[in-house]
Amino acid sequence: MRSKFSIIIDTIVLFLVLWLLFFAWIRFYTRLGVVSAILGAVLAILITFLVYFLNKKHTDKINLTKLEKEKAEKLLLNLNFSTLQEKINFFSQILSNFHKVEQKENYLILSTKTAQNDMHSTESKVQNTEINLHSTQNNNTQSSTLNVNKNMNMHTTRSGNEKSLNQKTLFIPFFNFSTFDMKELSKVINIANSENIEKITICTTNTSEEAKNFCKQINNFSINFIDIYKFYDEYAKTCDITLTEKIDITKPKMKYKELLAYAFNSARARNYLLFGLIIILSSFLVPFKIYYLVTGSILCIIALIIKVYPLIKREEQPNKKIESN
């Protein structure tokens, strides 16, 4: 996932490249610097916005904050260390807030949540009552029989409509540190055939290119892949449901003393000295030399201090031992 900062930088770089290209060609023909700069900027802005719009339209990027991304990655880690039953239970609890969920041993069947299911059951009871009345009343006219048959046909038609509106989706959570490949895809296809389901959603973060390309060629199944970031963005982050924490690798925040010890480690003296010398040498090539000289000198002084200070400290320790004796 690209951050907002990287998107802004890419957009600025694209604009500058396009502006320079247009400016150079327009100025070559017109010989007018101001006009060339304005026209080049207008054309560059138009193409930059066009590229941004097309990229946003054709790519499905998840916009998560840094904290949300960390939560999604933590969820992914714990899913990989969870048992199959724990994974199924977790996804079932989350998805039940958005779909009607039928839980199986290693997969879920999702259907649309509607009020038609309750209406369907109520109508069935009414029609059963009508049929019972018809069977007990032997002296009813033939028109009553036709009415019952008509009601039954209406019920069958409505059930067919509900079936078309209530299409099911096979949901496969795949998190076990392995790649979802053709072998796993074959298992999923077999499950879909046994359940008579055409729409399949596979939630995983590692899929082989062979499996992805093959899924695009399949005509009788609609297969959609979503990763843990998209699942978290669309489902998990709005639900107050957590997975049992199996493992925690969160690094504790470094204290100021630890940061200083890390920054002024003697092993980094060579890098400070190298960059300091490069910046000082660069001062001969730019008009504002003072900034380069100051920055380069500071880096060189830091390199000398963190390299010499440990040697002085070593010399002081033996002297203290001699005085104590």
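Colleague: Is Phe 177 buried or exposed?
Modeller: Phe 177 counts as exposed, at 56% relative accessibility; exposed means over 50% relative accessible area, buried under 20%, and partly exposed in between (1.4 Å probe, protein chains only). This is a predicted model, in which local features need pLDDT of at least 70 and side-chain atom pairs pLDDT 80 or more, while totals for chains, interfaces and linings use all residues. Residues are numbered from 1 along each chain as its sequence is written, and side-chain values use heavy atoms, leaving out hydrogens and water.

Colleague: Where does Phe 177 lie?
Modeller: Phe 177 lies in the loop between β3 (169–173) and α7 (182–195); helices (H or I, at least four residues) and strands (E, at least two) are DSSP runs, numbered from the N terminus. Its phi is positive, about 65 degrees, although Phe 177 is not a glycine. Most residues other than glycine have a negative phi.

Colleague: Ser 208, then: which residues does it touch?
Modeller: Leaving aside residues up to four places away in sequence, Ser 208 touches Thr 179, Phe 180, Asp 181 and Met 182, a contact being heavy atoms within 4.5 Å. Ser 208 is in the loop between β4 (199–203) and α8 (209–217), and counts as buried at 17% relative accessibility.

Colleague: Which elements do the buried residues of α3 pack against?
Modeller: They pack against α4 (84–95) and α9 (228–234). The buried residues of α3 include Ala 72, Leu 75 and Leu 76.

Colleague: How many disulfides are there?
Modeller: A search of the whole structure finds zero disulfides, a disulfide being a pair of cysteine sulfur atoms within 2.5 Å. Cys 215 is buried, with a relative accessible area of 8%, and Cys 300 counts as buried at 12% relative accessibility.
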